[in-house]
Amino acid sequence: MAVTIKDVAKLANVAPSTVSRVIANNPRISEKTKRKVRKAMSELGYHPNFIARSLANKSSDVLGIIMPKSGDGSFLNPFFPTVMKGLSQAAHDDHLGLQITTGITEEEIYGEVEKMVHGGRVDGLILLYSKVDDKVLHYLREANFPFVVIGKPYQYESSISHVDNDNFQAGKDVAKYLLDSGHKDIAFIGGNADLVVTIERMKGYEAALKEAGIPLRKEYAIHEDFMLEGGKEAVKRLMELENSPTALIVADDFMSLGVLNMLDELGKDVPGDISVFSFNNVLLSELSKPPLSSVDINIESLGYQAVKLLLTRIKEPSSPAMRMIVPYQLVLRSSVAKMNS
């Protein structure tokens, strides 16, 4: 015979309604009672019927995760599995499932998001990126559906809940560190110029140079998709300039690995001939040769806090939009050398 809520309540010596509240992870139930009820559920082999529950309370207990289009190689970037670790931990804490979009093109992702929203498949959505004029973001705003962005929204910043680092300041801090190390010829290599994170880090780099009285050089700012062959040409062009840079700021560790390979092919020593400072501080930055100086943006924390913010949006739809800034740290390794004055 199937085990029921009444059986669990009897064994745990609580009311059936208390068991229901424990299953729903109601914050009003004490941890002691939750442990007692979960122990009884485990002993009896009771598994809640989440489909029936979701139909009853019109909630799916699932959050949707919107990846960038996989056609541009984003699945290869260690940022995404790392942020997923934080998302998964927070979802697990609240007994929630995650559903990830699986689209190669932007049109496919947009179609998936429409299905998630209209099909009642998810209670809310988290965008793992922020870019200029994003069709998905506009759609979610118009649909008035609960969502949170990881990154600074390009528009409507004050009305969209988001989790971010201060990427402008981080870009500025990296440039200042290189300036303080004696570098004056500093180039910036960014990824997709439509990504807000790239724009913000580059603005910080530019601000630091301006404050130091160093003119910005157009040929020192390069945007390439480093999954493509173009990256090698970009670095080659920089190195062939009459006044080639002595330091590179690269917007992402994954990109930096490509840059290090290209510099190696060109016979350039890092940091002997050129210094490299990167962002994100994924495990690859420690394992690269040489190990990369990188900005630790606490990727797991970005994911974890995004889920917490989204749950607030779902439970309190009329509450004002919130912005959470996750701190970052500069992690110094051996890819940067001081310039001899």
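Predicted model: local features only at pLDDT ≥ 70, side-chain atom pairs only at ≥ 80, totals over all residues.
**View 1**
After α7 comes asparagine 144, with a positive phi near 55°.

Aspartate 133 occupies the loop between β3 (124–127) and α7 (135–143). With a relative accessible area of 55%, aspartate 133 is exposed. Asparagine 144 is located in the loop between α7 and β4 (147–150). Asparagine 144 is exposed, at a relative accessible area of 69%.

**View 1. The parallel open sheet β2-β1-β3-β4-β5-β11.**
This open sheet is formed by 6 strands, and its pairing is parallel. β2 (97–100) and β11 (323–325) stand at the edges with a single partner strand each, so one side of each has no neighbour in the sheet. From one strand to the next, the twist averages 20°. β3 and β4 run parallel and are joined by 3 bridges; isoleucine 126 has valine 148 in β4 as its bridge partner. Helix α5 (residues 79–93) lies across β1, β2, β3 and β4 and runs at about 145° to β2. Helix α13 (residues 299–315) also packs on the sheet, where it touches β1, β3, β4, β5 (162–164) and β11. The direction of α13 makes about 160° with that of β4.

**View 2. The mixed open sheet β7-β6-β8-β9-β10-β12.**
Here 6 strands form an open sheet with mixed pairing. Its edge strands, β7 (221–223) and β12 (329–331), each pair on one side only. On average, and with direction ignored, neighbouring strands are turned by 20° against each other. Strand β6 (residues 186–190) pairs with strand β8 (residues 247–250) in the parallel sense over 4 bridges. Within this pair, isoleucine 186 has alanine 247 in β8 as its bridge partner. Helix α8 (residues 167–180) packs on the sheet and touches β6, β8, β9 (275–279), β10 (293–296) and β12. The direction of α8 makes about 165° with that of β9. Helix α9 (residues 196–211) lies across β6, β7, β8 and β9, and runs at about 170° to β6.

**View 3. The largest nonpolar core, and another core apart from it.**
The largest nonpolar core has 65 residues. Those with the most contacts inside it are Leu87, Ile126, Leu128, Tyr205, Leu248, Ile249 and Leu263. Residues up to four places away in sequence not being counted, isoleucine 249 touches Val174, Ala175, Leu178, Ile186, Ala187, Phe188, Ile189, Tyr205, Phe277 and Phe279. Another core, of 19 residues, lies apart from the largest one and includes Val62, Met116, Leu140 and Phe145.

**View 4. Methionine 239 in helix α10.**
Methionine 239 belongs to helix α10 (residues 230–240) and is buried, with a relative accessible area of 13%. Leaving aside residues up to four places away in sequence, methionine 239 touches Ser244, Pro245, Leu263, Leu266, Lys268 and Ile274. Between methionine 239 and valine 148 there are 41 Å in space, C-alpha to C-alpha, and the two are 91 residues apart in sequence.

Proline 271 sits in the loop between α11 (253–265) and β9. Proline 290 sits in the loop between α12 (283–287) and β10.

**View 5. The packing of helix α2 against helix α3.**
Helix α2 (residues 16–23) packs with helix α3 (residues 31–44) at an angle of about 95°, and their axes are 10 Å apart. The two helices are therefore roughly perpendicular to each other. Thr18, Val19, Val22 and Ile23 of α2 meet Thr33, Lys34, Val37, Arg38 and Met41 of α3. Of the residues in this contact, 5 are nonpolar, 2 polar and 2 charged.

Notes: Residues numbered from 1 in each chain as written. Heavy atoms only, no water. Axes fitted to C-alpha atoms, helices over the stretch in contact; angles between N-to-C directions. Parallel < 35°, antiparallel > 145°, perpendicular 65-115°, else oblique. Contact = heavy atoms within 4.5 Å. Nonpolar A, V, L, I, M, F, W, Y, C, P; charged D, E, K, R; others polar. Pairing = 2+ DSSP bridges. Buried < 20%, exposed > 50% of the residue type's maximum accessible area, 1.4 Å probe, protein only. Core = buried A, V, L, I, M, F, W, Y, C linked by side-chain atoms within 4.5 Å.
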